[in-house]
Amino acid sequence: MKKTLSIIALSIIGFGLVSCKKENKETQSPETIVTDSAAAGAPVITDSAAAPVTGEAAAPVSNAPSTSIALSESSFDFGKIKKGDKVEHVYEVTNTGKNPLIISEVKPGCGCTAPDFTKEPIMPGKKGKITLHFDFSSFDGNVQKYADVFANVEKAPIKLTFTANIQP
């Protein structure tokens with residue numbers, strides 16, 4: 001009985017790692033690469049005309065009126081990272097609209113990414129944070145990952161991306 005449970009548990013863990021690696025290859029396709037002015041150091045302003053959109057249905061957002069948001073950056077490059085490292089990056093958000101900004105969900109594209117974010121409403125002119133924690137223990141080489149941010153902006157979700165070069 002113990003042997004059977006051990007085999008089932010190992011199978012589930014193995015499946016999780018394989019699905020995460022498969023997703024890694026999928027996120028490197030040209031359709032998911034985000035290029036913007038953040039690479040040049042300029043803040044990215046996301047509102048009704050500028051938010052990246054994915055093909056998925058939007059996560060439920062409260063009945064709060066729409067607002068706009070400015071990101072300190074929408075993509076980040078960790079550079080070279082040793083395999084097995086666990087790192088994090090903080091994306092700063094500023095409410096540039098006239099209504100409170102409510103982040104309802106941050107949905108990572110892979111199980112290797114865990115989000116933390118400002119849960120209380122962010123008042124106009126104030127700042128909040130979205131922290132993405134990454135575990136690179138099952139990756140090699142160049143990796144690109146993302147998380148979708150669902151908030152009360154017209155074109156949600158907003159896509160945050162990061163890249164890294166995983167070294168053995």
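This is a predicted model: local features need pLDDT of at least 70, side-chain atom pairs count only at pLDDT 80 or more; totals for chains, interfaces and linings use all residues.
The backbone oxygen of Asn99 lies 3.1 Å from a polar atom of the Thr67 side chain. Residues are numbered from 1 along each chain as its sequence is written, and side-chain values use heavy atoms, with hydrogens and water left out.

Back to Thr67. Its side chain also makes a polar contact of 2.9 Å with the side chain of Asn95. By polar contact I mean a pair of N or O atoms within 3.5 Å; within protein, one must be able to donate a hydrogen and the other to accept it, and residues adjacent in sequence count only if both atoms are side-chain atoms. Is Thr67 buried or exposed? Thr67 counts as buried because its relative accessibility is 9%. The cut-offs are under 20% relative accessible area for buried, over 50% for exposed, and partly exposed in between, with a 1.4 Å probe and protein chains only.

Thr67 sits in the loop between strand E1 (44-46) and E2. Strands (E, at least two residues) and helices (H or I, at least four) are DSSP runs, numbered from the N terminus. Leaving aside neighbours within four places in sequence, the residues in contact with Thr67 include Gly97, Pro100, Leu101, Asn152 and Val153. Contact here means heavy atoms within 4.5 Å.

Now the chain as a whole. It has 1 helix and 9 strands, and the order from the N terminus is α-β-β-β-β-β-β-β-β-β. There are 168 residues, of which 38% count as buried. The accessible surface is about 9,400 Å², and 58% of that belongs to carbon and sulfur atoms; the areas come from the Shrake-Rupley method with a 1.4 Å probe, and for residues only the protein chains shown count as cover. Among contacts between residues at least 6 apart in sequence, 70% join residues at least 24 apart.

Next, the strand pairing. Strands of a sheet pair through backbone hydrogen bonds, either parallel or antiparallel. I call two strands paired if DSSP finds at least two bridges between them. E2 and E4 pair antiparallel over 3 bridges, with Ile69 opposite Asn95 in E4.

An open sheet is formed by 4 strands in the order E3-E9-E8-E5, with mixed pairing. Its edge strands, each pairing on one side only, are E3 (75-82) and E5 (103-108). From one strand to the next, the twist averages 20°; axes are lines fitted to C-alpha atoms, for helices over the stretch in contact, and angles run from 0 to 180 degrees between N-to-C directions.

Within that sheet, E5 and E8 run antiparallel, joined by 5 bridges. Glu105 has Phe150 in E8 as its bridge partner, and Pro108 stands opposite Ala147. E8 and E9 are antiparallel over 9 bridges, with Val143 partnered by Ala164 in E9. The two form a hairpin with 6 residues between them. E8 is largely enclosed by the rest of the structure, because 9 of its 11 residues are buried.

The loop between E8 (141-151) and E9 (158-167) holds Pro157. A cis peptide bond joins Ala156 to Pro157, with omega about 5°. For reference, most peptide bonds are trans.

Ser75 and Thr161 are 86 residues apart in sequence, yet 4.6 Å apart in space, C-alpha to C-alpha.

Last, the core. A nonpolar core is a set of buried Ala, Val, Leu, Ile, Met, Phe, Trp, Tyr and Cys residues joined through side-chain atoms within 4.5 Å. The largest one has 29 residues, and Val93, Ile103, Val106, Ile130, Leu132 and Phe136 have the most contacts inside it. At least two residues each come from E2, E3, E4, E5, E7, E8 and E9. Which strand gives the most to this core? That is E9, with 5 residues. As for Val93, beyond its neighbours within four places in sequence, its contacts include Ile69, Leu71, Leu101, Ile103, Ile122 and Ile130.
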